[in-house]
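Welcome! Please have a look at the sequence and the model below before reading on.

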Amino acid sequence: MGETYVSALLDSGSARSLVTETLARRYCTAGSFTPQRIALRTAANQSFEAIGLCDIHFAIDDRSFRHKFIVARQLVTDIILGTDFLMA
């Protein structure tokens with residue numbers, strides 16, 4: 001994300017990729033944030049609610065990506081890359 005380094009978790013048990021609200025506010029592609037309440041469950045079967053969707057451009061090493069993320073208020077890390085990212 002530019003020259004900013006963030007913590008990411010590659011999670012093959014997560015069907016969707018998620019990003020924290022803090023990072024989404026800084027890095028969502030202009031006009032791409034879509035407010036939406038999304039009910040989710042953690043691996044421990046705890047429920048939580050996401051607040052929307054957004055597209056983010058980012059890089060891992062020298063590879064660039066654009067991906068749609070679910071935006072959550074808080075996560076265990078800055079970004080969770082789920083199977084939707086792995087299959088893209």
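## Ground rules

This is a predicted model, in which local features need pLDDT of at least 70, side-chain atom pairs count only at pLDDT 80 or more, and totals for chains, interfaces and linings use all residues. Residues are numbered from 1 along each chain as its sequence is written, and side-chain values use heavy atoms, without hydrogens and water.

## Ser32 in its loop

Let's start with Ser32, which sits in the loop between helix 1 (21-27) and strand 3 (34-41). Helices (H or I, at least four residues) and strands (E, at least two) are DSSP runs, numbered from the N terminus. With a relative accessible area of 10%, Ser32 is buried (under 20%, using a 1.4 Å probe and protein chains only).

A polar atom of the Ser32 side chain lies 2.8 Å from the backbone oxygen of Thr29. Beyond its neighbours within four places in sequence, Ser32 is in contact with Leu53, Cys54 and Asp55 (heavy atoms within 4.5 Å).

## Strands 3 and 4

Strand 3 and strand 4 (residues 47-60) run antiparallel and are joined by six bridges; strands pair if DSSP finds at least two bridges between them. Ala39 has Glu49 in strand 4 as its bridge partner. The hairpin of these strands has five residues between them, and Asn45 there takes a positive phi near 65°.

## Met87 at the surface

Met87 belongs to helix 2 (residues 83-87). Its relative accessibility is 72%, so Met87 counts as exposed (over 50%).

How values were computed: A polar contact is a pair of N or O atoms within 3.5 Å; within protein, one must be able to donate a hydrogen and the other to accept it, and residues adjacent in sequence count only if both atoms are side-chain atoms.
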